[in-house]
Amino acid sequence: MKTSRNTKNGAHNKKENLFRRRTFVKYMQEKLAITIILISLALFALIFVLYRIVNENNERYNKIVLSQRQQEYASRTIPYRRGDIVDRNGTYLATSEKVYNLILDPSQIMDKPDYYLEPTIQALVDVFGFDGNELRGLIQERPKQAYLRYKNGRQLSYDQKTEFEQTEKERNAAYRKSDDDNQSRFRVTGVWFEDEYRRIYPYGSTACNVIGFASGDGSNGTGGIEQYYNDSLIGVNGREYGYLNDDSNMETVVKDAENGNTIMSTIDVNIQKMVEKRIEQWKTEVGSKQIGVVVMDPSNGEILSMATDKTYDLNNPRDLSSMYTQEEQDAMSDEEKANAWNQMWRNFCVSDTFEPGSPSKVFTVSAALEENLVTPNTHFFCDGYQTIAGYNVKCTAFRKGGHGDLALDETLMVSCNDAMMQMAAMEKKETFKKYQDLFNLGSKTGIDLPGEADASTLVYQVDNMGPMDLATNSFGQNYNCTMVQMAAAFASTINGGYYYEPHIVKQILNESGSVVKKNDRLLVRETVSASTSDFIRRALVRTVAEGTGKAAQVAGYEVGGKTGTAEKIPRKQGNYLVSFCGFAPADDPQALVYVVIDEPHVEDQAHSSYASSVFSQIMGDILPYL
């Protein structure tokens, strides 16, 4: 009976456990279903939220993404071309030629270094002769850099660039066709070229003082036209932009560069070379501390030539070999080299002042005529000196007892200091100073070249001019001026009395050849009357034909001019500055030539014939050409 009851109890327990198990499973299924439903609802809610966020901010997020992708496309500078400088006939004196800088892209080369690195380096070595180890080191040090300007690959010529591009093309084609699977993957890649311009001067040192030179990148000029007209010569760089359009396609926008203007100078390169040839001849045969020559058209102030004996190669402006030995250069400090360069680049004709001597006598005579203090028939007596403030101021003919009786034109012909002092005393300091100012002596002319000297403090004013100052000024001593000041003033005494501003540039043209600016002759003032100018011109023709300027004669031509011999400070040391300022043709001057020689390398310097002879040679060259 117990067994039967136990059996019944066991069966009951099994049924109960089975029921409980089924109940638990059903409960878990229901709970799991609820959990899945809740998770699904949460996911749907999240998806809905994300959809709203993306939908509402779609444009902003697109811009962010495009902006990030845009950074992969660097913009490229398109350099402008610096404007040319030409002479009056259109001959190129300075120009810019396109050159190329070699650019490496290490990120591209190192993308597959096993296949790209060595082929690329080998091509660069074979074409340009670069150091392969140096290239390899540079590329491997910057594996992620996309732009690397190689220092030894600057300013390559078009032929060099083309040679490399052809080599790259041929080798890559050969690699692709290779039967060797490994070699077929080789490529020359990651090398391109960036445009640049290099300034060149076809005539080397010719007219170097007038032209000046530009910096390596063409943004600045030093000296001459390059500096004075830098704003006109430079242009504006262009730009090439890469960007992604609305369809995420690469687009390019190019903003072209604006090139600089062309400067047409008044210089005639043929006359310039004639002048420089005679200066070089002077240096070789005699020599001096300094020599300068200005050739001007007296009818409009145009400078046809300007030159000194200090020249340099415009294509290599820091080469001091023309002035110093290599030993001297090696011993120079940086400051000493800078000073040497500045002296070499200095334009004596514009930047240096000196006592002009006898050419200024034409101003003293002109003032006396204009003020009706003398007439062409007035005579003066020269006894060899004038007593001024208790001192005897000697004339050039002192040792001969003076020039004796002289007509007005003869005072210029024989260059009589005594007669000049007498005329200055008649004029008095107020009138004398009035005409000094009219002739612009001591003041800047406004010539369009940098570094023009201001000699205003080296010229007496009425309130500080004493009797001795007035007397010595009358024959060109004891005040200073520059070559260009004297040339412009002198020109006005022979061209009818018109003072034109001296200038070195005729016109400025844009890239298409249209005139942007024209430098017509600028009449500053009238200095003397036509009758006075005629008198001065005739007197100066006689000076060359019969007087002190005989050494300036040119066979077959009638020329006029005035000699000059100025004793330098300190006095009585035997150092002189000699000069000659002359013109031709005599009846209608078309060329004025002013020659200044500072301390000729001779024992007896006080002879203007040195300058007169150089004038004769130059004028003899340019008159047939003109």
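Visitor: How many cavities of 30 Å³ or more are there?

Guide: The count comes to two cavities of 30 Å³ or more. A cavity is a set of points, on a 1 Å grid over the protein atoms alone, where a 1.4 Å probe fits but cannot get out. Grid points are joined across faces, edges and corners, and a volume is the space filled by probe spheres set on the points.

Visitor: Before we go on, what kind of model is this?

Guide: This is a predicted model: local features need pLDDT of at least 70, side-chain atom pairs count only at pLDDT 80 or more, and totals for chains, interfaces and linings use all residues. Residues are numbered from 1 along each chain as its sequence is written, and side-chain values use heavy atoms, with hydrogens and water left out.

Visitor: OK. How much space lies in the largest cavity?

Guide: About 70 Å³. Its lining includes Ser-360, Phe-363, Phe-432, Tyr-435 and Tyr-479. A lining residue has an atom within 4 Å of a point.

Visitor: Which elements give two or more residues to that lining?

Guide: Helices α13 and α15 do. Helices (H or I, at least four residues) and strands (E, at least two) are DSSP runs, numbered from the N terminus.

Visitor: And how does the lining of the largest cavity split by class?

Guide: Seven nonpolar, four polar and no charged residues. Here Ala, Val, Leu, Ile, Met, Phe, Trp, Tyr, Cys and Pro count as nonpolar, Asp, Glu, Lys and Arg as charged, and the others, Gly among them, as polar.

Visitor: What volume does the second largest cavity have?

Guide: About 30 Å³. Among its lining residues are Met-296, Asp-297, Ala-488 and Tyr-499. At least two lining residues each come from β11 (288–297), α17 (483–494) and β17 (498–500). By class, the lining of this second largest cavity has seven nonpolar, three polar and one charged.

Visitor: Now pockets. How much space lies in the largest one?

Guide: About 1,400 Å³. A pocket is an open set of points with protein on both sides within 12 Å along at least five of seven lines.

Visitor: How many residues line the largest pocket?

Guide: The largest pocket has 37 lining residues. Lys-394, Cys-395, Thr-396, Asn-417 and Tyr-576 lie nearest its centre. Strands β15 (391–394) and β21 (560–567) are the elements that give two or more residues. The largest share, four residues, is from β21. By class, the pocket lining has 10 nonpolar, 20 polar and seven charged residues.

Visitor: Back to α13. At what angle does it pack with α18?

Guide: About 140°, with the axes of α13 (361–370) and α18 (530–546) 10 Å apart. Axes are lines fitted to C-alpha atoms, for helices over the stretch in contact, and angles run from 0 to 180 degrees between N-to-C directions.

Visitor: Which residues make that contact?

Guide: From α13, they are Val-362, Val-365, Ser-366, Leu-369 and Glu-370. From α18, they are Thr-532, Phe-535, Ile-536 and Leu-540. Contact means heavy atoms within 4.5 Å. These residues divide into six nonpolar, two polar and one charged.

Visitor: New topic. Where are the cis peptide bonds you have for me?

Guide: One runs from Ile-569 to Pro-570, with omega near 0°. Pro-570 sits in the loop between β21 and β22 (576–584). Another runs from Ala-584 to Pro-585, with omega near -15°. Pro-585 is in the loop between β22 and β23 (591–600).

Visitor: Why point those out?

Guide: Because most peptide bonds are trans. Most residues other than glycine also have a negative phi.

Visitor: So what is the phi of Gln-155?

Guide: Positive, about 50°, although Gln-155 is not a glycine. Asn-440 has a positive phi too, about 65°. Asn-440 lies in the loop between α15 (417–438) and α16 (467–473).

Visitor: Is Asn-440 buried or exposed?

Guide: Buried, with a relative accessible area of 10%. Gln-155 is partly exposed, at 25%. Buried means under 20% relative accessible area, exposed over 50%, and partly exposed in between (1.4 Å probe, protein chains only).

Visitor: What about Leu-449, buried or exposed?

Guide: Leu-449 is buried, at 4%. Leu-449 is in the loop between α15 and α16. Not counting residues up to four places away in sequence, Leu-449 touches Val-210, Tyr-228 and Ile-504, among others.
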